[in-house]
Amino acid sequence: MCAAFPEFRLGKVLATSFTGTLSERHGDAVERIPVPQRLVDWLAVYGLAVDSCTPAELDLARELRESIHAAATAAALQDALPASAVQVINDFSARGRAAAILTPEGTRRWQLGPASSVDDALSVIAADAVDIIAGERDGKLALCASPTCQAAFFDASQSRTRRWCEMNTCGNRQKKARFHANQRKNPRPAE
């Protein structure tokens, strides 16, 4: 992967990790898949290797990403799901030719259609979004407490009280800001 692009923010849940390819949505947004090859790279990280991606396919991927983000955000807030986002997710979920395969180690992996197309990979992501938004997995959707991020993430912690999409980025940034604010309020006396 090329160092000229921002690093991927990788999570354990495919659909919400995909929405994380655009981060800091309420601040200085960071696009992590700015060119088709970066989408190919991201898909490969998640075991959805495709041969190539066109600019048009990247546009479709971004449409799916934004629809998942809109629906996951609504679900996390317990609002009505946006009908247009639901339609996009359902359309993508239905159009691919991917199959769930059981590995000899007892895990699931996805096998894309014979041409390993972006459509097949996006259908897997859309199906994952359906599972988490519909509540089919043990956990809950939540929004990052960072005011500049507010990414939707899937909280599978035992207490279901996670506040940050990623502790290493948003959580640490917020804790540092709080620490520095406290230092300004209560400066230590010079020794």
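**A walk around a predicted chain**

Glu24 is buried, with a relative accessible area of 11% (buried means under 20%, exposed over 50% and partly exposed in between, using a 1.4 Å probe and protein chains only). This is a predicted model, in which local features need pLDDT of at least 70, side-chain atom pairs count only at pLDDT 80 or more, and totals for chains, interfaces and linings use all residues. Residues are numbered from 1 along each chain as its sequence is written, and side-chain values use heavy atoms, leaving out hydrogens and water.

Visitor: What phi does Glu24 have, although it is not a glycine?

Guide: Happy to show you! Glu24 sits in the loop between strand S1 (22-23) and strand S2 (30-31); strands (E, at least two residues) and helices (H or I, at least four) are DSSP runs numbered from the N terminus. Glu24 is not a glycine, yet its phi is positive, at about 55°.

Visitor: Is Gln78 buried or exposed?

Guide: Look at the loop between helix H3 (55-76) and helix H4 (83-95), where Gln78 is found. Gln78 also has a positive phi, of about 60°, without being a glycine. With a relative accessible area of 73%, Gln78 is exposed.

Visitor: In what order do the elements of the chain run from the N terminus on?

Guide: The chain holds six helices and six strands. Starting at the N terminus, their order is α-β-β-α-α-α-β-β-α-β-β-α.

Visitor: What share of the contacts with a separation of 6 or more comes from residues 24 or more positions apart?

Guide: A contact here means heavy atoms within 4.5 Å. Among contacts in the chain with a separation of 6 or more, the share from residues 24 or more positions apart is 55%.
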